[in-house]
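Some labels given to a protein model rest on a value and a cut-off.

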Amino acid sequence: MSSEMKDITMPIYEGMMVYKNKPEKQFKSIQRATHAENGYHEGSVCMDLHTGTHIDMPLHVIDGGADSTHFDTDSVNGPCVVVDFSKETSRAVDANFLKKQSILEGDIVLIKTKNSYAEAFDFEFDFLEASGAVYLRDLQVKAVGIDALGIERNQPGQPTHKALLGNGIYIIEGLALKAVESGRYLFHCFPLKIMGVEGLPARAFLSPLPEEEK
Ligand SMILES: [Zn+2]
């Protein structure tokens with residue numbers, strides 16, 4: 001891999017941070033065969049589909065919404081802008097904040113927040129407020145990513161998820177953006193090709209924009 005590629009994927013391991021510390025969301029690694037007993041090493045994992053870095057499908061919040069079967073990776077790859085919310089005192093990324101950023105139509109917008117610095121799950125995590133989601137939808141951005149394991153909290157009816165996923169704008173959650181500065185990049189994101197589900201674990205990278213696109 002080119003050294004210019006920056007890996008912005010959360011590592012997956014037993015004991016890692018999971019949404020609201022829920023026991024059913026804990027990652028488990030199951031060793032089924034060992035060299036000592038079987039002459040080879042083999043295992044399985046048990047994990048929530050929203051573990052670490054992952055993409056939400058419309059089905060996650062919309063009854064009858066699209067699942068992962070026909071997911072097109074083009075929808076989460078391309079020119080991207082990282083906006084830095086990490087120094088704001090507020091916990092809600094709203095339209096007022098986003099209006100001050102240089103976001104273009106068709107951009108993949110990655111929101112860096114205080115979550116990238118949290119060592120344990122923060123129940124008061126920074127999130128994208130509905131007004132911010134509506135602003136990004138109206139701007140016709142391509143996708144929205146955030147360094148939270150959930151893109152919204154305490155908003156009845158999940159208006160942030162619905163404003164985006166209801167309009168073909170995919171959501172990438174659980175990005176690791178601590179070492180990333182605000183600015184323009186190319187975003188690369190490749191999920192596992194699992195059919196028929198509402199969330200896809202993914203690997204994500206940033207690379208510099210080619211000179212002519214800066
Ligand atoms: Zn999710």
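Q: Why is lysine 20 called exposed?
A: This is a predicted model. Lysine 20 has 11 C-beta neighbours inside 10 Å. A residue is exposed if that count is 12 or fewer, so lysine 20 counts as exposed.

Q: Where is lysine 20, and what is its phi?
A: Lysine 20 lies in the loop between strand S1 (6-7) and strand S2 (28-33). Its phi is near 55°, a positive value in a residue other than glycine.

Q: What makes phenylalanine 121 partly exposed?
A: Phenylalanine 121 has 15 other C-beta atoms within 10 Å. Exposed requires 12 or fewer and buried requires 20 or more. The value 15 falls in between, so phenylalanine 121 is partly exposed.

Q: Which residues does phenylalanine 121 touch, not counting residues up to four places away in sequence?
A: Phenylalanine 121 touches Met17, Lys20 and Asn21. A contact here means C-beta atoms within 7 Å. Phenylalanine 121 itself sits in the loop between strand S7 (108-112) and strand S8 (127-128).

Q: What separates the C-alpha atoms of phenylalanine 121 and lysine 25?
A: The two residues are 96 residues apart along the chain, and their C-alpha atoms are separated by 13 Å.

Q: Why is glutamine 158 called partly exposed?
A: Glutamine 158 has 17 other C-beta atoms within 10 Å. The count lies between the limit for exposed, 12 or fewer, and the limit for buried, 20 or more, so the label is partly exposed. Glutamine 158 is in the loop between S9 and H4, and its phi is near 50°, a positive value in a residue other than glycine.

Q: Which residues of helix H3 (residues 130-138) are buried, and what covers them?
A: The buried residues of H3 are Ala130, Gly132, Ala133, Tyr135 and Leu136. To be buried, a residue needs 20 or more other C-beta atoms within 10 Å of its own. The cover includes strand S6 (92-93), helix H2 (95-99), S7, S8, strand S9 (143-146) and helix H4 (159-165). Just after H3, glutamine 140 takes a positive phi of about 60°.

Q: Which residues have the most contacts inside the largest nonpolar core?
A: They are Leu110, Val144 and Ile172, in a core of 44 residues. Not counting residues up to four places away in sequence, valine 144 touches Val109, Leu128, Leu136, Leu164, Ile169 and Ile171.

Q: How do you know that strand S5 (residues 78-84) pairs with strand S11 (residues 183-191) and with S7?
A: Pairing needs at least two bridges between two strands. Five bridges join S5 to S11, and five join S5 to S7, so S5 pairs with S11 and with S7. S5 and S11 run antiparallel, with glycine 78 opposite phenylalanine 187 in S11. S5 and S7 run parallel, with valine 83 opposite isoleucine 111 in S7.

Q: How many helices and strands does the protein have, and why is it called as compact as a globular protein of its length?
A: The secondary structure comes to four helices and 12 strands. The radius of gyration is 18 Å, close to the 17 Å that the globule rule gives for 214 residues, so the protein is as compact as a globular protein of that length. Along the principal axes, its C-alpha atoms fill a box of roughly 60 × 45 × 35 Å.

Q: What share of the 214 residues is buried?
A: Buried residues make up 35% of them.

Notes. Residues are numbered from 1 along each chain as its sequence is written. This is a predicted model: local features need pLDDT of at least 70, side-chain atom pairs count only at pLDDT 80 or more; totals for chains, interfaces and linings use all residues. Helices (H or I, at least four residues) and strands (E, at least two) are DSSP runs, numbered from the N terminus. Two residues are in contact if their C-beta atoms, placed from the backbone, lie within 7 Å. A nonpolar core is a set of buried Ala, Val, Leu, Ile, Met, Phe, Trp, Tyr and Cys residues joined through C-beta atoms within 7 Å. The radius of gyration is taken over C-alpha atoms; the globule rule is 2.2 Å times the number of residues to the power 0.38.
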